[in-house]
Amino acid sequence: MALVPFDDRDGQIWQDGVMVPWREARLHVLSHGLHYASGVFEGERAYAGNIFKLRMHTERLFNSARILGMEIPYTTDEIDAACMQVVAANGLQDAYVRPVVWRGSEMMAVSAQNSRIHVAIATWAWPAMFADRMKGIRLDLAEWKRPHPETAPTASKASGLYMIGTLSKHAAEAKGFQDALMLDWRGRVAESTGANIFFVFDGELHTPTPDCFLDGITRRVVMQLARRNQIKVVERPILPEELPRASEVMLVGTGAEVTPVREIAGQVYTPGRITQTLLDDYEKLVRMNPADVEKRLAA
Ligand SMILES: Cc1ncc(COP(=O)(O)O)c(C=O)c1O
């Protein structure tokens with residue numbers, strides 16, 4: 001498949017308050033965000049023209065930026081509106097939405113107190129891919145570990161934290177796996193390179209406590225869906241030694257949605273009833289209008 005580079009497409013990108021033609025949405029090579037990873041971003045999905053859990057994503061974007069000492073020069077309402085505006089301007093219904101915040105070019109050193117904070121929002125078509133979903137994906141075990149929260153700003157969706165994700169995913173792909181399961185600095189199960197993880201143990205849904213990795217929005221939604229289905233949800237430290245005992249495993253995230261896992265480094269799983277239930281419920285939920293989503297989760 002020919003790759004269409006992301007800087008050479010048709011459309012509009014929202015950049016620092018205005019819509020600009022796609023190919024003109026540029027930043028200078030001497031940008032602090034590029035050299036020193038002073039950047040945070042979001043990954044959102046629009047379904048049938050509505051951005052799922054938009055306000056939560058926007059709030060997380062602001063929180064991620066604040067953790068890195070960056071004040072976004074817009075309100076959350078303005079960013080919500082800009083996200084919706086950019087989806088509409090590109091004529092999209094089912095799409096990925098990528099807001100990104102970074103420090104600009106005023107200062108080129110570790111310290112960048114007076115740098116301007118930039119914001120851009122891009123979107124591109126991302127149709128749902130449901131063919132063969134229940135077949136599941138294969139994960140390798142990553143060598144890189146999610147860091148201690150005193151070693152990195154782990155509660156922020158910060159660009160720099162993805163460095164070990166890319167390394168881990170590349171290593172897994174080189175061995176024929178689709179993704180990698182990452183442990184944390186203590187050797188406990190954390191998440192994959194771009195999604196949270198759930199296990200079924202004895203008919204209950206278990207997931208690691210997110211104390212040094214992203215507490216995903218999908219993760220929280222899936223926990224609500226499970227409880228609505230009378231499935232007991234347990235958040236706790238999970239050790240890799242426990243993995244052979246799991247009967248089902250799934251990844252959840254904005255991109256992954258609910259993705260069954262059929263192997264972790266040689267250990268084989270068969271996606272089952274709980275995975276299917278959560279996958280179907282999530283798929284229905286994301287296509288509801290935002291008011292109905294909240295009603296359904298509250299019910
Ligand atoms: C590292 C990582 N963990 C977890 C998630 C899941 O988060 P969310 O459900 O908010 O998309 C993501 C993003 O999708 C991620 O990049």
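Because the model is predicted, local features need pLDDT of at least 70 and side-chain atom pairs count only at pLDDT 80 or more, whereas totals for chains, interfaces and linings use all residues. Residues are numbered from 1 along each chain as its sequence is written.

Helices (H or I, at least four residues) and strands (E, at least two) are DSSP runs numbered from the N terminus, and two strands are taken to pair if DSSP finds at least two bridges between them. Strand β8 (residues 137–146) pairs in the parallel sense with strand β15 (residues 257–264) over three bridges, and also in the parallel sense with strand β9 (residues 179–184) over five bridges. L139 takes part in both pairings, standing opposite I264 in β15 and having D179 as its bridge partner in β9. Together with helix α4 (residues 163–174), β8 and β9 make a right-handed β-α-β unit; right-handed here denotes that, with the strands pointing away from the viewer, the path from the first strand over the helix to the second runs clockwise.

A nonpolar core is a set of buried Ala, Val, Leu, Ile, Met, Phe, Trp, Tyr and Cys residues joined through C-beta atoms within 7 Å, where a residue is buried if 20 or more other C-beta atoms lie within 10 Å of its own, exposed if 12 or fewer, and partly exposed in between, with C-beta atoms placed from the backbone. The largest such core has 36 residues, and those with the most contacts inside it are L181, V222, M250 and L278. Its largest share, six residues, comes from α5. Leaving aside neighbours within four places in sequence, V222 is in contact (C-beta atoms, placed from the backbone, within 7 Å) with F198, V252, V258, L278 and Y282. A second, separate core of 28 residues includes W102, A120, A158 and L161.

The ligand is surrounded by 13 residues, the closest being G216, I217, T218, G253 and T254, where a residue is counted if its C-beta atom, placed from the backbone, lies within 6 Å of the molecule. The helix α5 gives the most to this shell, with three residues.

D16 lies in the loop between β1 (12–15) and β2 (18–21) and is partly exposed, with 15 other C-beta atoms within 10 Å. D202 lies in the loop between β11 and β12 (204–207) and is exposed, with 9 other C-beta atoms within 10 Å.

Note on methods
Contact = placed C-beta atoms within 7 Å.
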